[in-house]
Amino acid sequence: MSAEQSRREANGSGAIVSVERLSKSFGQLKAVDGVSFEIEQGEVFGFLGPNGAGKSTTINMLTTMMRPTSGKATVCGFDVLSQATDVRRNVGVVPQDYTADEDMTGYQNILLCADLYGLPRSYSKARAEALLNLVELKDAAQRKVRTYSGGMRRRLELACGLINQPKLLFLDEPTLGLDVQTRAAVWKYIRTLKEQFKMTLFLTTHYLEEADSLCDRIAIIDHGRIIKIGSPSELKASVGGDIIVVGVSESEPDISPEIAQIKLVKEVKKNGNDYRIKAEMGEEASPQIMDLVRSKGLHVTKIALTKPTLDEAYLELTGRNIREEETNRMAMFSQRVTMSRARS
Amino acid sequence: MTTATDEIESATVAETHLKSSSVAVPLTLEPPPKANTGPLHGLWALTQRDLRKWYSNPIQLFISLIQPVIWMGVFGKALNFGTFIAQSGASPSVTNAIMLNTFGTTSYFSYLACGQLSFVILFTSAFSGMSVVFDRRFGFMNKALSTPVGRGTIVMAKVFQSVGRSVIQASIVLFIAVLLGMDTGYFSVLGIAEAFGVVFLMATGLSALYVMLALRSSDWQTQMALINLLNLPLIFASNALLPVKLMPTWLQYVVQVNPVSYANDAIRQLVIGAVGSSSLAVDAGVVLAFAVVLSTMGIVLSWRLLSK
């Protein structure tokens, strides 16, 4: 174990997870189709994708719950196939489903987890209390898990996943089906883990705002393939430009060609009295547009600047909505336009 | 009713508490102490988990004891072979000779009581597979699989929790049998202890069999069907209720490959001093081999079947 780790450290490689062309097939279905990526020590790495994209299957392979059909993966310096027990010893897993024993109390559940990691009771008792404190379940610790709410159970799962002080924590859809408060709490814990304990986190989600606010890097996955990897801002930038909507009191004359002359502007569309402008660096483009409008003797009635969201990047990359409902393409498109107009 | 409401209320209180508080985190960055992740770690923790569920629910134990008691009390008392023979006019010495020759003992009730021990073992062991299925269904299996616990350990914990139940239920059944009039003339501490050694081995083998069949399953209905499919032939094609001698020849062959027969034979020799159909050494050897082979198979299969 230590030999393997020192070898990695000598290599100077900061990657705690490295995956090469990992695949998993279930019969005809290719759930994961040759994904390759690396996770650096200390980062929060997110797998973002629609349901059935292969997120959980990838996590299951990395946590040695499933055997890859082909490809190679090392986690914490250990091969997931030949050194599965070493992998399990070093990582923590917070699975998508509830796994706690309903007939036992929260405290007993954590102690059982500790036993399964082979931790001595003298250590695990104190650690269990500290973890119950962290996930704010101290008051419910002596109650049977059966009486817990969904949010409490999710937090208990998180505490169980942390019992062995993992270097790397896998969180499979950690906030699925939680109310806003509990989701905020889970996010808070995740940030605590990253900032205070320098833990590396791998999480899957299909909530865009979650990936955006938590992850250092995101891999967008669909149909078992990674479509794009990058930081949230890189992914947003890939959509291309901010959207500026300028309302002008006079509908004539049409000054679209003049606006298009401005350097930062990429595209102009006139829509009644409104100009919908796609531009780089919207903050700098907007005053220039306003100056131009005024110089033509027209009056600006409103101005709105919209930064691209991860939603747009995501939809542009996965395009699932449109693909699944090909016949309804126009309706979907107009709905998107309506929605973005409503936002601006 | 009141407690349920209280629990719901306190759950809500805990949730509200969460929203407002920001608790200081007393967790440390100190590395955890050296963990014992040897091949046997977690075995007791997992076994204890299941046993705790069992003894915290005494109704389950009570219900599981009803069936063997009915068998002994109704079937055992009604089928009084000694009286049948005596009614035909045979003298007591002739009756005893016939009984001894057929059953290996003069009391059919004692004969059946020993057979009931294997009843208890069979029906208890059958549910070890069910316990695997429910652990899968309720997600606990995934938790166990994500920890460094050995796959074989997970299987053996399921086997041992079932063995624990079997041994305890078998002792209660034996006690009830004594109350109902079982012949205690041959009882000795060593004999009973050895008989429970046989109970232990038989329960190990049978539980391993059922756990093995459930390794890949998350469907409890299939398990129920399997239990019915296997348990009835294992009981009736054995010497649990009647001696082999009374059976047709083809059935005798089946009984002779049924490990349950050897367990019964050994238990009868040890507890009531019956004349066995095989020597005690052969009985013990078969039961031991059964336990070892099936446990090994269970462990080996778990390496392959527990992860997808």
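Predicted model: local features only at pLDDT ≥ 70, side-chain atom pairs only at ≥ 80, totals over all residues.
Pairing requires at least two bridges found by DSSP between two strands. Strands are DSSP runs (E, at least two residues), and helices are runs of H or I (at least four), numbered from the N terminus. Asn271(A) has Asp274(A) of β13(A) as its bridge partner.

Local features need pLDDT of at least 70 and side-chain atom pairs pLDDT 80 or more, while totals for chains, interfaces and linings use all residues. Residues are numbered from 1 along each chain as its sequence is written, with chains lettered from A and ligands numbered from 1 in the order written.

## The sheet and its helix

The pair belongs to an open sheet of four strands, ordered β12-β13-β11-β14 (chain A), with antiparallel pairing. β12 (265–271) and β14 (300–306) of chain A are the edge strands; each has a single partner, so one side of each lacks a neighbour in the sheet. From one strand to the next, the twist averages 15°.

Helix α11 (residues 282–295) of chain A lies across β11 (242–248), β12, β13 and β14 of chain A. The helix runs at about 20° to β11(A). Angles run from 0 to 180 degrees between N-to-C directions of axes fitted to C-alpha atoms, for helices over the stretch in contact.

## Two domains

Chain A divides into domain 1 (2–232) and domain 2 (236–343), with bounds from an automatic or database domain assignment. In domain 1 of chain A, 10 residues are in contact with seven residues of domain 2 of chain A. Contact means C-beta atoms, placed from the backbone, within 7 Å. On the domain 1 side, α8(A) gives the largest share, three residues.

Definitions and conventions
Contact = placed C-beta atoms within 7 Å.
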